[in-house]
Amino acid sequence: ALRESPEFKEEISTLLGKLRKAAPKHYARIQDCLADVAARAQDAGIKFACENREGLLELPLDEHMDAFLASVDDLVVCGGWHDTGHACIKHQEGVIDHAQFLEKNHTRLLGFHLHDVSAEGKDHQPIGTGLIDWKMIRQYIRPEHLLIIELSPKLTKEQVLESKAFVEKWLN
C-alpha cells in the first residue's frame, strides 16, 4: 500500500512540517473571518462547525483541533463537528487515537456525522456494520448535539433504514 511506503511517509512528514509552520497565519485568518460575521450569525441563529477532516493535509490539523476550537470559544457561534468515519479512518492509519481525539474535543462539539467504515477503509457505510466503536462514540453524545446520518448514495433503501434503526436503538 502506498501509505505504508517509506517514501510516502517521508513525503507526508515533509508536507506536514511545512503545513505546521504555515498553519498559524491560516488559523488567524479564519478566526478573523469568523469574528467578522459572528454577531450577524448569532442574530440569525446560525452556527459554524469545524469538522475533523479525512485528509492529512487539511486544516485544522487533528493535533491543532482542540487549540483551534478554544481560540474561537468567545465567538459563541463556533464549535467542532465530529465525523465518525474520518476519525475512524485516521485511527486505522495510526494518525490519531479516535477515543483520545474525542475526549480532547467533545466539550466543544456541535454535532456529528454518523456513518461506518468498512474493513477496506471505505466510509459512509451502513451504521453498525463496520469498524466504528459505537459504544465509545455514544459516551460523547449530548442532547444538544445535531446528529446527521451521512451515508453513501450507493447504499440500498434497506441499508439506510437499518442504519436509522441502529441509531435509534443506539441512542436509547
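Is Arg 108 buried, partly exposed or exposed? I looked it up first: Arg 108 has 27% relative accessibility, so it counts as partly exposed. My cut-offs are under 20% relative accessible area for buried and over 50% for exposed, with partly exposed in between (1.4 Å probe, protein chains only).

**Ground rules**

I am working from a predicted model, so local features need pLDDT of at least 70 and side-chain atom pairs count only at pLDDT 80 or more, while totals for chains, interfaces and linings use all residues. Residues are numbered from 1 along each chain as its sequence is written, and side-chain values use heavy atoms, with hydrogens and water left out.

**Entry 1: salt bridges**

I stayed with Arg 108 and looked for its partner. Its side chain meets that of Asp 73 in a salt bridge, 2.9 Å from N to O. Arg 108 sits in the loop between helix 4 (98-105) and strand 3 (109-114), and Asp 73 in the loop between helix 2 and strand 2 (78-83), so the pair ties together parts that are 35 residues apart in sequence. For these elements I use DSSP runs numbered from the N terminus: helices are H or I with at least four residues, strands are E with at least two. Asp 73 is partly exposed, at 38% relative accessible area.

How many salt bridges does the rule give? I count seven, taking a side-chain nitrogen of Lys or Arg within 4 Å of a carboxyl oxygen of Asp or Glu.

I noted another one between Glu 58 and Arg 53, with the closest N and O atoms 3.0 Å apart. Glu 58 is partly exposed at 31% relative accessibility, and Arg 53 is partly exposed at 28%. These two belong to a network of salt bridges that links Glu 51, Arg 53 and Glu 58.

**Entry 2: helix 6**

Next I walked along helix 6 (residues 157-171). This helix has 15 residues and reaches 21 Å from its first C-alpha to its last, close to the 21 Å expected at 1.5 Å a residue. The expected span is 1.5 Å times one less than the number of residues.

Lys 164 and Glu 168 form a salt bridge here, their closest N and O atoms being 2.7 Å apart. They lie four residues apart, about one turn of the helix. An α-helix has 3.6 residues a turn, so residues three or four places apart point the same way. Lys 164 is partly exposed at 42%, and Glu 168 is partly exposed at 40%.

Which residues of helix 6 are buried? I found Ser 163, Val 167 and Trp 170. Seen down the helix axis, they fall within an arc of 70°, so they line one face of helix 6; the arc is that of the directions from the axis to the C-beta atoms. They pack against strand 3, helix 5 (134-138) and strand 4 (146-149), where contact means heavy atoms within 4.5 Å. On the other side of helix 6, Lys 157, Glu 162 and Lys 169 are exposed.

**Entry 3: aromatic rings**

I count three aromatic pairs in the structure. Rings of Phe, Tyr and Trp (its six-membered ring) pair if their centres lie within 6.5 Å; planes under 30 degrees apart are stacked, over 60 edge-to-face, and the rest tilted.

Tyr 27 and Phe 68 make a tilted pair, 5.5 Å centre to centre with 45° between the planes. Tyr 27 lies in helix 1 and Phe 68 in helix 2, so the pair ties together parts that are 41 residues apart in sequence. Both Tyr 27 and Phe 68 are buried.

The rings of Trp 134 and Trp 170 have centres 5.3 Å apart and planes at 80°, so this pair is edge-to-face. Trp 134 lies in helix 5 and Trp 170 in helix 6, so the pair ties together parts that are 36 residues apart in sequence. Trp 134 is buried at 6%, and Trp 170 is buried at 12%. Ring pairs link Trp 134, Phe 166 and Trp 170 into a cluster.

**Entry 4: cores**

I finished with the nonpolar cores, which are sets of buried Ala, Val, Leu, Ile, Met, Phe, Trp, Tyr and Cys residues joined through side-chain atoms within 4.5 Å. Which members of the largest core touch the most others? Of its 21 residues, they are Phe 68, Val 72, Leu 75 and Cys 78. Helix 1 (6-44) and helix 2 (65-71) are the elements that give two or more residues to this core, and helix 1 has the largest share, eight residues.
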